[in-house]
Structure formats: C-alpha cells, structure tokens
Amino acid sequence: MFPDRILLASIHDVSPRFESEVERLLDVLRPHVGERLAMLVVPNHWGDAPIRPGSPFASRLRGWADAGIEIFLHGYFHRDQASHTNAADRLRASFMTAREGEFLGLSRGDAAARIAEGRALLEGVIGRRVDGFVAPAWLYSSGAREALTDCAMPIAEDHLRVWSPVTGEQLASGPVITWASRTQLRLASSLAAAAALRHAPLKVLRVGVHPPDSRHPALLRSIEKTVRGAAAKRRPGRYSDLLAAA
Ligand SMILES: [Zn+2]
C-alpha cells in the first residue's frame with residue numbers, strides 16, 4: 001500500500017442516453033472505490049439527449065452528487081460542430097475522435113458561453129457547484145483553455161495532465177488509462193495499454209471509462225482488474241483532493 005498514491009476513477013459521457021450503461025459501470029467501480037469517483041456529465045449529448053431539470057434522470061444525478069460523487073461538466077453537446085480552419089486540427093478531430101472533439105474548434109468567447117450554459121444547467125440540477133470541466137475527447141482549443149480561466153473553473157484535465165485553470169498550477173501528470181471499442185484493433189491495444197499502465201508508479205493514477213465499454217465483456221474484465229489492483233495499492237481519491245494538497 002502506498003498511501004500517498006491516489007487513484008482517480010471517472011465515468012465519461014454521463015447522459016440520459018447512457019443511463020443503463022452508466023449503472024453497469026458503477027456496479028464495476030463501486031466495490032473498489034465507493035463514491036470516490038467522478039462523473040463527466042454531458043448536458044445535451046449530440047443535441048438530442050437533454051438533461052431536463054425535474055426529470056427522473058436529473059433526480060438521479062442529484063442523488064449521485066449528494067452521495068459524494070464529483071460532478072464535472074463534459075462539453076455541452078460532446079460532438080464537434082465547428083469547422084476547423086487549421087488542417088492539423090481538422091485531421092485530429094475527424095480521425096482520432098470520430099468528431100467528438102466539441103471544444104477543439106471553439107473560440108474563447110464561444111467556449112466561455114457554452115461552459116456557462118452547461119454549468120448553470122448542471123448546478124441547478126445538483127444544487128451545488130460543479131467540481132470541474134473536462135473537454136470531450138480531452139481536446140481543447142487554446143481559446144477553450146483561456147475560457148476555463150475566465151470562468152474560474154476549479155479543475156480541468158486532458159489526456160496527460162490535471163491542472164487548475166484558476167492558478168495555472170499543474171495538479172497531476174501521467175496518461176489516463178482508458179479503453180476503446182470502436183474497432184477490434186483499438187480494443188486490443190487498449191487492453192494492452194491498460195495492462196501495462198496499471199502498474200505505473202505514478203503518484204496519481206487516472207482511470208476513465210466510457211458507456212460503450214460496458215458492452216464488451218473483455219473490457220469490463222480489464223476495467224475491473226485495473227481498478228481492483230489500483231485500489232489495493234492506492235487510496236481511491238477525489239480530484240478535489242489535488243487542490244487541497246496543492
Ligand atoms: Zn466524452
């Protein structure tokens with residue numbers, strides 16, 4: 001046991017669209033981390049799965065937040081609807097993420113407006129402040145990063161680090177362990193990466209799971225093994241612990 005080492009587990013793409021998948025992922029994570037996990041919530045996934053205040057899903061979200069689960073705003077629509085002017089960004093957005101990089105093409109002003117709208121919705125539903133923001137596919141334009149500072153968002157992360165947009169301070173570094181199931185090749189390589197990374201001597205080990213992971217038994221087994229192994233050696237924590245320690 002390394003008590004100074006932390007495990008941060010998160011469920012991405014929490015939305016009424018994936019309610020049963022999220023439940024399944026919770027069943028896998030909870031025996032090892034309890035309520036010490038983060039949910040990355042999408043206010044209106046692809047523009048046709050809105051979280052409506054007063055709906056059964058909204059009460060459920062409120063219940064998770066009340067139980068101590070951290071709530072992060074995760075884009076607004078999740079899908080990238082901007083047209084990228086930069087060829088490299090365009091390539092990254094379409095091939096690497098199947099056009100899920102909503103915040104890769106946004107200006108500072110547009111990103112700030114979208115963050116403010118999503119934040120107001122989620123905070124109305126959970127009855128407290130959101131704990132942070134994570135851009136879909138961990139992809140940020142420089143304007144999006146500046147907008148997080150403008151909005152005084154407490155915590156943000158990308159694939160390689162966690163930082164405080166308020167102070168600019170880096171709070172943790174090291175790749176997130178995550179799984180992919182879009183193709184057999186990606187699925188196989190994500191299993192191999194998880195098996196290698198779960199033993200990495202990182203101070204903060206981040207594990208991020210997605211709703212489609214719950215449809216693949218091999219992925220669920222890998223997730224369970226990774227989280228069980230990490231929780232045996234590390235303290236399951238919350239992102240806000242990083243601020244307290246900073
Ligand atoms: Zn996502």
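This is a predicted model: local features need pLDDT of at least 70, side-chain atom pairs count only at pLDDT 80 or more; totals for chains, interfaces and linings use all residues.
**Entry 1**

Y76 has a relative accessibility of 12%, so I record it as buried, the limit being under 20%. I then looked up F77, which is partly exposed, with a relative accessible area of 22%.

**Entry 2: Aromatic pairs**

I asked how many aromatic pairs there are. The count comes to six. Y76 and F77 form one of these pairs, and I noted it as edge-to-face. Their ring centres lie 4.9 Å apart, and the planes make an angle of 75 degrees. The planes count as edge-to-face because their angle is over 60 degrees.

I next took up F57 and W64, which also form an edge-to-face pair. Here I read 6.2 Å from centre to centre and 80 degrees between the planes.

**Entry 3: A charge over a ring**

I looked up what lies over the face of W46. The residue is R79, at 4.2 Å from the ring centre of W46.

**Entry 4: The zinc ion**

I asked which protein residues are donors of the zinc ion. They are D13 through OD, H74 through NE2 and H78 through NE2. I recorded distances of 2.0 to 2.1 Å from the zinc ion for these donors. Along the chain, the donors follow the spacing D-x60-H-x3-H.

D13 belongs to strand β1 (residues 6-14), whereas H74 lies in the loop between β3 (70-73) and α3 (87-96). The pair therefore ties together parts that are 61 residues apart in sequence.

I also checked the accessibility of D13 and H74. D13 counts as buried, with a relative accessibility of 8%. H74 is buried as well, and I noted a relative accessible area of 1% for it.

**Entry 5: D131**

I asked where D131 lies. I found D131 in the loop between α4 (108-126) and β4 (132-134). D131 has a relative accessibility of 18%, which is under 20%, and it therefore counts as buried.

I looked up what the side chain of D131 makes a polar contact with. The partner is the side chain of R128, at 3.0 Å. Leaving aside residues up to four places away in sequence, I listed the residues that D131 touches: E70, I71, F72, P154 and I155.

Terms used
Residues are numbered from 1 along each chain as its sequence is written. Side-chain values use heavy atoms; hydrogens and water are left out. Donors are N, O and S atoms within 2.8 Å of the metal (3.2 Å for Na, K and Ca); water is not among the atoms, so sites may look incomplete. Helices (H or I, at least four residues) and strands (E, at least two) are DSSP runs, numbered from the N terminus. Buried means under 20% relative accessible area, exposed over 50%, partly exposed in between (1.4 Å probe, protein chains only). Rings of Phe, Tyr and Trp (its six-membered ring) pair if their centres lie within 6.5 Å; planes under 30 degrees apart count as stacked, over 60 as edge-to-face and the rest as tilted. A charge sits over a ring if NZ of Lys or CZ of Arg is within 6 Å of the ring centre and within 35 degrees of the ring normal. A polar contact is a pair of N or O atoms within 3.5 Å; within protein, one must be able to donate a hydrogen and the other to accept it, and residues adjacent in sequence count only if both atoms are side-chain atoms. Contact means heavy atoms within 4.5 Å.
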